[in-house]
Amino acid sequence: MSSLHADEAFLAHYQFSHDPFAPRVPGFKFFPAQRKPVLGQLHHLARYSQLLLAVTGPLGSGKTLLRQALVASTNKDAVSSVVISGRSVTDEATLLRQLAQGLGITQTSIEAILAKVAQLAITGQDVYLLVDDAEQLRDDALEVLLLLAAGNSEARLHVFLFGEPELLSRLEVLSEGEERFHAIELQPYSEEETREYLAQRLEGAGQGIELISADLLADIHEQSGGWPGTINQTARDAMIEAMLADRSGERKAAGAGFKLPKKHLAILGVVAIGVIAAWFMQGKTSKPETASNTAAQSSSQLPLGGAAPQPGAQPQPDAQGSGPAVQFAGSNQPLPLPLVGESQPVIREPMAQAGGQEDADDGGMPSAAIPPTVTTSAPPVTPLANNGPKPLNPVPAAPVQQQAAVQPTPAPRPEPVKPAATAPAKPVQAAKPAATKPATTVASAKPATAASKPAAAAGGSAGGSSWYQSQAGSRYSVQVLGTGSEASAKAFISQQGGGDYRYFRKNLQGKPFYVVTYGNFADRTAAQAAIKKLPAKIQASKPWARPFSSIQQDIAGAR
């Protein structure tokens, strides 16, 4: 299923007007919890602070949305905003060039840019420079931004950096102990705020929070850590998984209906009717066949000369044109030779054996196993039907008589119905594989579903994921950092001296995301106690305890 069809199925299943968990949705409302106070603080500091402003938080914490809200809430007559992405601008020269273009000047020096800012200030207009993904900038570009924020005696830029937490440590190194920037760290949502945030998202798509149970809400909050971007992805994945489970249950119910005993009984009833019909037809045809054999025997006992036939002598046809009974090789059933031009019933191998071969080839339904009633549905030939005068010259025997061993027919045997009595045995047995075949098809769906889970957990992951996978799911670790750069995760661990710090890779909104954890603890209480012993700088990033089972799910999702 393509991603487009999967999205359409997701929207149709829950009757959403749009995907409520997309980054930008129609009629989106800014969620004020934990973010509106930060927005007000940024406006206040932009007016009264002379420092560069840095807003930090992990990937998915809402930094970009906050930057958009800041631009949207400014007075366009009093503020000129220039937005730059740290992913496309990394070095000093590119940064100055794009800033000059945003201000409408050709010179790319710091002095020329500050002069343009001074001109705008005379007209009562401030300049906001907002840099998204600022952790991607090189140190020389960060140094230029610190200089522009400090400005000169005539003018200064209001510089806002939005980046991941490791940005602060780099700014501290560049500041060399001076107060050159002000940091604001975003906080995650509480569980109640997570519920309100999801309710706002779902209501915008035409549904309500009742789609998410209390237990599922607690799982979403725990797995996302309360960060809005991760809440969106986790909630969407959980609801898609619930949708697939519902559809799988419907398919199983349909499969269970297919193997209802009623259909089994219907198949067996059809077979039974066929068996009974074959038995009655065989019983009716056996009487004329026996009579014809008796008549043929009586007519062939005395040939034309009136002498008794000698053993081994070739018997002659009688006056009615009927031949003596011929016994074919491999058959104990005497049959009269047909007249010229009349149909000859063909006796095939026993019905049970033929039915068994047909089942073995087709492996199929009992209707294919029922032979076309080899009770010689055509009425048996009665040689005594022509009661005309005896011909002077006997009719020559058919060529087949030269290949058959012709013997005088002994006393009639009253067992012509014996093959037909055994014939129904095979169709009844052939119905068994057909009855169990739907059940086999339904049962095979379960191993396929169970096998998909180990397949999803296979594969490697960065940062020693095997160590995380080897831990008991009930134990806890402390998540101290999340970043989209593996180099940043390694640098952070190196700064802490390694030890009990490790990191793993997960996927967040389709992109690699690296999470640094600390320690291995028996329960949540021990992990929370360890948080209080971490350095103050790490505690400021709001580390939180999470079970290894949750970490192992994130690793499995990145495979």
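**Loops, cores and strand pairing in a predicted chain**

User: Where is Glu176 found?
Analyst: This is a predicted model, in which local features need pLDDT of at least 70, side-chain atom pairs count only at pLDDT 80 or more, and totals for chains, interfaces and linings use all residues. Residues are numbered from 1 along each chain as its sequence is written, and side-chain values use heavy atoms, with hydrogens and water left out. Helices (H or I, at least four residues) and strands (E, at least two) are DSSP runs, numbered from the N terminus. On that basis, Glu176 falls in the loop between H7 and strand E5 (181-185).

User: With 68% relative accessibility, does Glu176 count as buried or exposed?
Analyst: The classes are buried for under 20% relative accessible area, exposed for over 50%, and partly exposed in between (1.4 Å probe, protein chains only). Glu176, which is not a glycine but has a positive phi near 55°, reaches 68% relative accessibility and therefore counts as exposed.

User: What is the phi of Asp133?
Analyst: Asp133 belongs to the loop between E3 and H6, and with a relative accessible area of 18% this residue is buried. Although Asp133 is a residue other than glycine, its phi is positive, with a value near 55°.

User: Which side chain does a polar contact of 2.8 Å join to that of Asp19?
Analyst: Asp19 is in the loop between helix H1 (3-14) and helix H2 (36-48) and is buried, at 18% relative accessible area. A polar contact is a pair of N or O atoms within 3.5 Å; within protein, one must be able to donate a hydrogen and the other to accept it, and residues adjacent in sequence count only if both atoms are side-chain atoms. The Asp19 side chain reaches the backbone nitrogen of Phe21 at 3.0 Å. The 2.8 Å polar contact between side chains, in turn, joins Asp19 to Arg236.

User: What is the relative accessible area of Thr74?
Analyst: Thr74 is located in the loop between helix H3 (63-72) and E2. Leaving out residues up to four places away in sequence, Thr74 touches His43, Val79, Ser81 and Tyr128, where a contact means heavy atoms within 4.5 Å. Thr74 is buried, and its relative accessible area is 9%.

User: Which element gives the most to the largest nonpolar core?
Analyst: A nonpolar core is a set of buried Ala, Val, Leu, Ile, Met, Phe, Trp, Tyr and Cys residues joined through side-chain atoms within 4.5 Å. The largest one holds 36 residues, and those that touch the most other members include Leu52, Leu145 and Leu161. Among the elements that give two or more residues to this core are strand E1 (52-56), helix H4 (92-103), helix H6 (139-150) and strand E4 (158-163). With seven residues, the element that gives the most is H6.

User: How many residues are in the second, separate core?
Analyst: Leu161, one of the residues of the largest core, touches Leu52, Val131, Leu145 and Leu171, among others. A second core is separate and includes Tyr189, Ala205, Leu217 and Met243; its residues number 20.

User: Over how many bridges do E9 and E10 pair?
Analyst: Two strands pair if DSSP finds at least two bridges between them. Strand E8 (residues 476-483) runs antiparallel to strand E10 (residues 511-521), with six bridges, and Leu481 has Val516 in E10 as its bridge partner. On E9 (residues 501-508), which also pairs with E10 in the antiparallel sense, Tyr501 is partnered by Tyr518 of E10. The number of bridges between E9 and E10 is eight.

User: What arc around the axis do the buried residues of H19 cover?
Analyst: Helix H19 (residues 524-531) has Ala527, Ala530 and Ile531 buried. The arc is that of the directions from the helix axis to the C-beta atoms. These residues lie on the same side of H19 because the arc they cover is only 105°.

User: How far is the side-chain oxygen of Asp523 from the backbone nitrogen of Thr525?
Analyst: The cover over the buried residues of H19 includes E8, E10, helix H20 (536-539) and strand E11 (544-547). Asp523 caps the N-terminal end of H19, and the distance from its side-chain oxygen to the backbone nitrogen of Thr525 is 3.4 Å.
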